[in-house]
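The points can be checked against the structure shown below.

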Amino acid sequence: MAVGTTQPEPMAPVHLFSHGSAMMLGEDSASARYWEKCGDDALAHGIEHVVIMQGAHWATANPGGVLISSNPKPEKAPVLFVDPAKYKPYVLNPDLAYVPVLQAHLSAAGIPAEADPAFDWIHDTYLILIRMFPRGCPPTTIISMNALFDPHLHVAVGAALRPLRARAARTLFIGSGGAVHNLFRNVWGPMLRHRDNFAQPTPPEPWALDFRQEVIDVFCAGYEDADSVPRNEALAYGREIRSGPRGVGGPLLRRKATSLMKHPKYRDAHATDDHFMATMFVAGLCGSKEDVGVAGVMGAEDWELTNMCNTQFTLGNWD
Ligand SMILES: [Fe+2]
């Protein structure tokens, strides 16, 4: 596919997943079931490439640039509290042939993208791959963050790759980050004592609930008008949340997503910026004028460690 051409419709959906703690790999959850459903849907629609911008654990100091995984035989970085049998046997499938394709699109947008042949994969990507594609990893490429955590640069990375959402490119994009993810404010006791990451000895604190609301307001805007659910039940835990009839995609999504980092509760919800760059990436992927009206859905959500909110969003659909 030529760089810079007008892309045909329809476009593949994009996922914005909160990978949560490493325990999300080992324990069943609503998120894990949603990830598998998304994986099944992608395979049923002929996906041949998966591209992930990982959320927290890989960044480069290269000025204005990113790295792209090109290790032909990556190892998996170990995770605490998870039986290695749940991840060690899973065979990773690096998509080396796709690296130049991604580089060409990023280069056309003025974003340097160096291949990294030594990068080993980390739980924030293989955790989701194992859950999405338990019967085998599709060819996958990982893109790093830039360590300055400039939201607009990460939006630009997504925007540069948006043409590859065209169905003909058979590519599924995933942002792997976190909606509310502040390790310093999690309640770790139940996990350390009882290996129970889902324990809620107390409700989430107000700052966590507030920022979760802000993220939902961006990616499921207009949910109050989406169906006949009473307003006081529209955001109930465990309920799928769908955007209203105007959708959420388009240039406004870029502005809303980047503005979240200026929200008064942002620094409470994210002590560091690393788990929020995937949000910018997805806003870029779904932030063109042609994306106006694209719907957003929160398909699942899990609270871990009292204050960590793992929302699972999908923008667009396969219809
Ligand atoms: Fe993480």
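**Notes on the predicted model**

1. L305 is a buried residue, since 24 other C-beta atoms lie within 10 Å and the threshold for burial is 20 or more. The model is a predicted one. L305 sits in the loop between β10 and β11. Its phi is near 50°, a positive value in a residue other than glycine. Most residues other than glycine have a negative phi.

2. How many of the residues of β10 are buried? The count is 9 of 9, and the strand is mostly covered.

3. F149 belongs to the loop between β7 (145–146) and α5 (151–161). Is F149 buried or partly exposed? F149 counts as partly exposed because it has 16 C-beta neighbours inside 10 Å. L305, by contrast, is buried.

4. The largest nonpolar core has 89 residues, and the members that touch the most others are V157, F219, C220 and V282. Helix α10 (residues 277–285) gives the most to this core, with 7 residues. In soluble globular proteins, nonpolar side chains tend to be buried together.

5. V282 deserves a separate look. Leaving aside residues up to four places away in sequence, V282 touches V14, L16, G158, G175 and L315.

6. Helix α8 (residues 251–260) packs against α10: the two axes come within 8 Å and cross at roughly 170°. That angle makes α8 roughly antiparallel to α10, because angles over 145 degrees are classed in this way. On the α8 side the contact is made by L253, R254, A257 and T258, and on the α10 side by T279, M280, A283 and G284. By type, the residues of this contact divide into 4 nonpolar, 3 polar and 1 charged.

Methods:
Residues are numbered from 1 along each chain as its sequence is written. This is a predicted model: local features need pLDDT of at least 70, side-chain atom pairs count only at pLDDT 80 or more; totals for chains, interfaces and linings use all residues. A nonpolar core is a set of buried Ala, Val, Leu, Ile, Met, Phe, Trp, Tyr and Cys residues joined through C-beta atoms within 7 Å. A residue is buried if 20 or more other C-beta atoms lie within 10 Å of its own, exposed if 12 or fewer, and partly exposed in between; C-beta atoms are placed from the backbone. Helices (H or I, at least four residues) and strands (E, at least two) are DSSP runs, numbered from the N terminus. Two residues are in contact if their C-beta atoms, placed from the backbone, lie within 7 Å. Axes are lines fitted to C-alpha atoms, for helices over the stretch in contact, and angles run from 0 to 180 degrees between N-to-C directions. Angles under 35 degrees count as roughly parallel, over 145 as roughly antiparallel, 65 to 115 as roughly perpendicular and the rest as oblique. Ala, Val, Leu, Ile, Met, Phe, Trp, Tyr, Cys and Pro count as nonpolar, Asp, Glu, Lys and Arg as charged, and the others, Gly among them, as polar.
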